[in-house]
Amino acid sequence: MVVVGAFLRQERPSTTSGTRAPPATSGLPGMAIAFLAVHQCLFGVYLGSVFAPNHKGLPILSADDRPGFLRRKVLTSRNVNGGWFTDLPLGGLNHRIEHHLFPSMPSPNLRKARAVVRRYCRELGVDYAETGLVASYRLALSSLHAAGAPLRRARVRA
């Protein structure tokens, strides 16, 4: 938007009557396409930074390994601690376990449900994965690095 605004505010040569010529718009389609491309790339990075820390590096269930609803949702998700500091940029999805168990629950209530779910999982002996923001990114990046190891080894041999 800033680039488009600056483009439109550029000084235009005066016409013979002394009035300013209308702004040129020939570059706007290209600028709009560039804006959309940059926006989509940045939005994709943002979405990846929100979703990856909650799932990467956790067990992937096969067709043969089908635990019940609670175990499936809790074992394949991770919560990210951090209070409002993580609630704001992650949009409340840092309470991923509760979000998967109660998808229609409003985000502000997920924090309240967290204590109940954590206690219930402890009673059942179900692992409840929780970590801090930096540690969650470290786990996600380690998982992605391990997943790409066979490709790196194949490229070295070639």
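Which side chain of opposite charge is nearest to R78, and how far away is it?

What we have here is a predicted model, where local features need pLDDT of at least 70, side-chain atom pairs count only at pLDDT 80 or more, and totals for chains, interfaces and linings use all residues. Residues are numbered from 1 along each chain as its sequence is written, and side-chain values use heavy atoms, with hydrogens and water left out.

The protein has seven helices and two strands; those are DSSP runs, H or I of at least four residues for helices and E of at least two for strands, numbered from the N terminus. Of its 158 residues, 23% count as buried, meaning under 20% relative accessible area with a 1.4 Å probe, protein chains only.

Okay, back to R78. You'll find R78 in the loop between helix 3 and strand 1. R78 is buried yet has no salt bridge, and the nearest side chain of opposite charge is E130, 11 Å away. For a salt bridge, a side-chain nitrogen of Lys or Arg has to be within 4 Å of a carboxyl oxygen of Asp or Glu. What R78 does have is a polar atom of its side chain 2.6 Å from the backbone oxygen of P53.

Now helix 6, residues 107–124. Helix 6 bends by about 40 degrees at A113, going by axes fitted to the seven residues ending there and the seven starting there. A113 is also one of the buried residues of helix 6, along with L110, R114, V117 and C121. After the helix comes G125, with a positive phi near 80 degrees.

Note on methods
Expected span 1.5 Å × (residues − 1). Buried < 20%, exposed > 50% of the residue type's maximum accessible area, 1.4 Å probe, protein only. Lys, Arg positive; Asp, Glu negative; His and termini not counted. Polar contact = N/O pair within 3.5 Å; in protein donor to acceptor, adjacent residues only side chain to side chain.
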